[in-house]
Amino acid sequence: MFTLVRSRVRTAALALSAVAALAFGTTTTTTTTTTTGATAAPAPAPAPAKQGPTSVAYVEVNNNSMLNVGKYTLAGGADNVFDVAVIFAANINYDTGTRAAYLHFNENVQRVLDNAATQIRPLQQKGIKVVLSVLGNHQGAGFANFPTQQAASAFAKELSDTVAQYGLDGIDFDDEYAEYGKNGTGQPNDSSFVHLVTALRANMPDKIISLYNIGPAASRLSYGGVDLSSKFDYAWNPYYGSWQVPGIALPKSNLSPAAVEIGRTSQSTVADLARRTVSEGYGVYLTYNLDGSDRSADVSAFTRQLYGSDAVYTP
């Protein structure tokens with residue numbers, strides 16, 4: 001097995017636009033305990049009162065804490081800067097014995113999940129949704145090469161079971177590093193991702209499903225008369241420091257043409273992309289790689305444009 005550590009620095013020259021979607025799902029108002037002993041999420045805090053686009057923060061948990069997402073508020077109030085926190089990342093791995101894909105957590109992702117009470121619940125209690133991103137892992141397994149509908153549905157059940165077990169708010173798909181064809185796996189096919197997302201949406205109708213639009217899965221959103229667009233909730237461009245409108249049939253309120261890497265995309269570009277997000281009527285603003293430093297200057301560069309307020313960092 002491989003444990004993936006990587007930096008996702010991209011420019012607009014890298015390739016085509018991203019498509020992704022995610023939406024806030026309802027959260028149970030009753031605390032439950034799974035058969036494995038994990039406790040589901042309690043009722044969240046009331047929805048923030050702030051007006052403006054949804055802010056998303058990916059966190060590389062190999063290096064950083066999910067709790068960093070909850071350390072930023074808007075000046076003059078208690079509103080969170082970030083609305084969605086993405087755990088980056090679990091993996092889709094391949095078992096050469098059973099010839100089947102399976103969901104894998106490296107030790108850092110597993111630590112976050114096992115310590116949901118201290119790493120996830122504090123965010124949810126502030127009204128921040130917590131989503132698990134799933135990424136290829138150089139083993140040939142990917143979202144786009146399930147050989148049968150049954151195989152795709154089996155992996156969808158692993159995903160939805162994980163969301164239920166750890167009290168998460170949804171799943172994010174990132175089709176990178178699969179290395180399709182490795183270990184005797186198949187090449188991407190047109191039905192695989194449609195079957196996978198259709199099954200996952202049926203399993204968790206009120207949870208987030210988002211797509212970081214990159215790789216073969218992102219270009220295979222329709223099969224057999226089924227268009228996946230409506231099964232996603234938001235969509236975003238994955239190329240940091242650039243503006244690219246996701247090519248998916250969702251309203252502007254669910255799209256993020258802007259994508260920035262906190263601390264690496266210049267503050268002027270961060271501000272320009274945020275200003276354009278508002279002026280052109282888009283409803284999501286994507287950020288990546290929030291670390292444990294005081295990034296209030298970088299964060300304020302977009303909050304001033306999105307919400308008319310500076311960001312305040314509270315350690």
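The model is predicted, and the chain averages a pLDDT of 88, with 85% of the residues scoring at least 70. Over residues 1-37, however, the pLDDT is below 50, although this stretch has 143 contacts in the model beyond near neighbours in sequence. The chain contains seven helices and 15 strands, and 57% of its 315 residues count as buried.

**Overall architecture**

- The volume of the second largest pocket is about 230 Å³.
- Its lining consists of 17 residues, and those nearest the centre of the pocket are Tyr 94, Arg 99, Ala 100, Ala 101 and Pro 147.
- Strand S4 (100-104) and helix H4 (149-166) each contribute at least two residues to this lining.
- Helix H4 supplies the largest share of the lining, with four residues.
- Sorted by class, the lining of the second largest pocket comprises nine nonpolar, six polar and two charged residues.

**Strand S3: Ala 89 and Asn 93**

- Phe 88 and Ala 89 are joined by a cis peptide bond, with omega at about 0°.
- Ala 89 belongs to strand S3, and Asn 93 is likewise found in strand S3, which covers residues 84-95.
- Asn 93 has a relative accessible area of 0% and therefore counts as buried, since the cut-off for that class is under 20%.
- The side chain of Asn 93 makes a polar contact with the side chain of Asn 137, at 2.9 Å.

**Strand S6: Asp 172**

- Asp 172 is located in strand S6, which spans residues 170-174.
- Because its relative accessibility is 0%, Asp 172 counts as buried.
- Apart from neighbours within four places in sequence, the contacts of Asp 172 include Val 131, Leu 132, Ser 133 and Val 134.
- Ser 210, Leu 211 and Tyr 212 are also among the contacts of Asp 172, as are Tyr 58, Val 86 and Trp 236.

**The loop between S6 and H5**

- Tyr 177 is found in the loop between S6 and H5, and this residue has a positive phi of about 65° although it is not a glycine.
- Tyr 177 counts as partly exposed because its relative accessibility is 31%.
- Asn 183 is found in the loop between S6 and H5 and has a positive phi of about 60°, although it is not a glycine.
- With a relative accessible area of 39%, Asn 183 is therefore partly exposed.
- Ser 191 is placed in the loop between strand S6 and helix H5, the latter covering residues 192-203.
- At 15% relative accessibility, Ser 191 counts as buried.
- Ser 191 and Asn 145 are 46 residues apart in sequence, and their C-alpha atoms are 8.4 Å apart in space.

**Strand S15: Ala 311**

- Ala 311 lies in strand S15, made up of residues 311-313.
- Ala 311 counts as buried because its relative accessibility is 8%.
- Leaving aside neighbours within four places in sequence, Ala 311 is in contact with Thr 73 and Val 81, and also with Ser 296, Val 299, Ser 300 and Thr 303.

**The loop between S1 and S2: Leu 67**

- Leu 67 sits in the loop between strand S1 (54-60) and strand S2 (72-74).
- Its relative accessible area is 27%, so Leu 67 is partly exposed.
- Beyond neighbours within four places in sequence, Leu 67 is in contact with Thr 118, Gln 119, Pro 122 and Leu 123.
- Leu 67 and Ala 85 are 18 residues apart in sequence and 9.3 Å apart in space, C-alpha to C-alpha.

Technical notes:
Residues are numbered from 1 along each chain as its sequence is written. This is a predicted model: local features need pLDDT of at least 70, side-chain atom pairs count only at pLDDT 80 or more; totals for chains, interfaces and linings use all residues. Side-chain values use heavy atoms; hydrogens and water are left out. Buried means under 20% relative accessible area, exposed over 50%, partly exposed in between (1.4 Å probe, protein chains only). A polar contact is a pair of N or O atoms within 3.5 Å; within protein, one must be able to donate a hydrogen and the other to accept it, and residues adjacent in sequence count only if both atoms are side-chain atoms. pLDDT is the predictor's confidence in each residue, from 0 to 100. Contact means heavy atoms within 4.5 Å. On a 1 Å grid over the protein atoms alone, a cavity is a set of points where a 1.4 Å probe fits but cannot get out, and a pocket is an open set with protein on both sides within 12 Å along at least five of seven lines; lining residues have an atom within 4 Å of a point. Grid points are joined across faces, edges and corners, and a volume is the space filled by probe spheres set on the points. Ala, Val, Leu, Ile, Met, Phe, Trp, Tyr, Cys and Pro count as nonpolar, Asp, Glu, Lys and Arg as charged, and the others, Gly among them, as polar.
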